[in-house]
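Me: I have a structure open and want to go through a few spots in it. Can you take my questions as they come?

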Amino acid sequence: AFETSSRRLGRGHRARGEGTNGEGRRRCVLIRKVGAASGSEGGRMSEPQVKRIRLDEVVAPAAEEIEIKSRDFTAKQEEEAGILQFKVVVNDGSPANLRFLCELKEIFGTQLPKMPKEYIVRLVFDKKHKSVCAIKRIGGVPRAIGGICYRPYLPERLGEIAFCAIKTEEQVRGYGTRLMNQTKHFAKTLDRLDHFVTYADNFAIGYFKKQGFHMQITMEHKRWAPGIKDYEGGTLMECYINPNINYLEIPIMVKRQRKVLDDKVAALTKRHIVHAGVPVFKHNPGTILELHQIPGVLEAGFSKEAHAAGNIGLTERESSKEMLAQTLSVVLANLWKNENSWPFKEPVSAADVPDYHTVVKDPMDLSTVQARLDKGFYKTKEMFVADVELMTANCKTYNPKDSVYYECAVNLQRSCEAETKRIGLF
């Protein structure tokens, strides 16, 4: 997903490639991730929905599983309901296919205003190219809302993506991810392809990575070089189409894999045992308990001797509560002034970024860190550093690596590490 507010919004992303006769450059307008299919599904539960059975101070939960929706969840639902369909369209002269190709030509032309219209027309209607068209019933009439145009090189079992676009008003429902998955499915089953390649500019690299493309070309040069020409300013990206993967049912496959992993973890741990909470914090706020007084801590292997031995290494800066708070205030003040801190000063608004809290389950920002510090929340330096690391990790999770926000997160994390060492915390 891409950024708004403290995250960038609304930029059309493109991938581009050399034309077959040297004229112009192929480009793909890629789908903006503003509140994509995963944006409206699978939010955090308002309160734990857990049935508990108390057995000798131990609580055995039967928690309801929170399903994580895929980016193309909404599009898949519409497809199953018959609202949306995907069709391979070629220039075979039939009126229906020609109409869809004309609509795709208009979509590509609108999303790529700088691309010569003649070049778009020539590739879309070229009989060597195929288009996977996303078709939606609008007013009872099937209309193209987007598509991917690619050229298959059958002897090499290779396909080159020329254009990829979704109409602007349809770019928030996960259609782009579903379109790419359908294209892989058709290329694998109809054309028997096992690789896709495309040329991507800097704005398109992040999108293609999310769709399984990478910049390390594993194919032999002689396999793709004769048909795919290089050019300055573009990055060649490759995607392997695995014959054993059903690209239309990836969420189901991931769910099965996750269950196998969860079962293995459950067999090796005691995570199914949930101890009763500590009511003293509710009735007497501010109460401080020793670690061993918290239910489950001793069972987890905690010992007072090991804890005491660990405290020997406390620095002068954390030798008292007052000294620790004063030191952390200095570190935080310098983070606020850091040139890379601007995306992190305030919480990300759900109104500006609808899918942010679906992707980021535990948000954090500098204003929240400041409020916690003012209330005396941080009892150790590790608690403070953990919140800063959570803040930057959230940013790197939500934003692509080639974005300015990802770069800010990396630089701010480095600045925090350098500052805590400089001031004597570590």
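Me: E419 to begin with: buried or exposed?
Reply: This is a predicted model, and in it E419 is buried, with a relative accessible area of 11%.

Me: Which residue does the E419 side chain meet in a salt bridge?
Reply: R422; the N to O distance is 2.5 Å. Both residues lie in helix α14, three residues apart, about one turn of the helix.

Me: And R422, buried or exposed?
Reply: R422 counts as exposed, because its relative accessibility is 56% and the cut-off for exposed is over 50%. E419, at 11%, is buried.

Me: What does α10 meet in α14?
Reply: T327, V330, V331, N334 and L335 on the α10 side meet L412, C416, E419, T420, R422 and I423 of α14. By class, the contact has six nonpolar, three polar and two charged residues.

Me: How do α10 and α14 pack, in terms of angle and axes?
Reply: The angle is about 145°, and the axes are 10 Å apart. Helix α10 covers residues 321–337 and helix α14 covers 404–423.

Me: Left-handed or right-handed crossing?
Reply: Right-handed, as α10 passes α14.

Me: Back to salt bridges. How many are there in the whole structure?
Reply: A search finds 18. One of them joins E170 to R173, with the closest N and O atoms 2.9 Å apart.

Me: Why does E170 count as buried?
Reply: Its relative accessibility is 10%, and buried means under 20%. R173 is partly exposed, at 28%.

Me: What about K259, which residue does it bridge to?
Reply: D263, at 3.0 Å from N to O. Both sit in helix α7, residues 250–268, four residues apart, which is about one turn of the helix. K259 is exposed, with a relative accessible area of 52%, while D263 is partly exposed at 42%.

Me: Which residues are linked with R178 in a network of salt bridges?
Reply: D72 and E79.

Me: What is M180 in contact with, leaving aside its neighbours within four places in sequence?
Reply: I148, I161, Y207, F208, Q211 and F213.

Me: Now backbone. What is phi at R157?
Reply: Near 55°, a positive value in a residue other than glycine. Most residues other than glycine have a negative phi.

Me: Where is R157 found?
Reply: In the loop between β7 and β8.

Me: What about phi at R192?
Reply: R192 also has a positive phi, of about 60°, although it is not a glycine. Its place is in the loop between α4 and β9, and at 55% relative accessibility R192 counts as exposed.

Me: And K117, where is that?
Reply: In helix α3, residues 117–124. K117 is partly exposed, with a relative accessible area of 43%. The C-alpha atoms of K117 and K105 are separated by 8.5 Å, and the two are 12 residues apart along the chain.

Me: Last one, the overall picture. How many helices and strands in the chain?
Reply: 14 helices and 11 strands. Buried residues make up 41% of the 426 residues. Of the contacts between residues at least 6 apart in sequence, 69% join residues at least 24 apart.

Conventions: Residues numbered from 1 in each chain as written. Predicted model: local features only at pLDDT ≥ 70, side-chain atom pairs only at ≥ 80, totals over all residues. Heavy atoms only, no water. Axes fitted to C-alpha atoms, helices over the stretch in contact; angles between N-to-C directions. Helix = DSSP H or I, 4+ residues; strand = E, 2+ residues; numbered from the N terminus. Left-handed = near helix turned anticlockwise from the far one by under 90°. Contact = heavy atoms within 4.5 Å. Nonpolar A, V, L, I, M, F, W, Y, C, P; charged D, E, K, R; others polar. Salt bridge = Lys/Arg side-chain N within 4 Å of Asp/Glu carboxyl O. Buried < 20%, exposed > 50% of the residue type's maximum accessible area, 1.4 Å probe, protein only.
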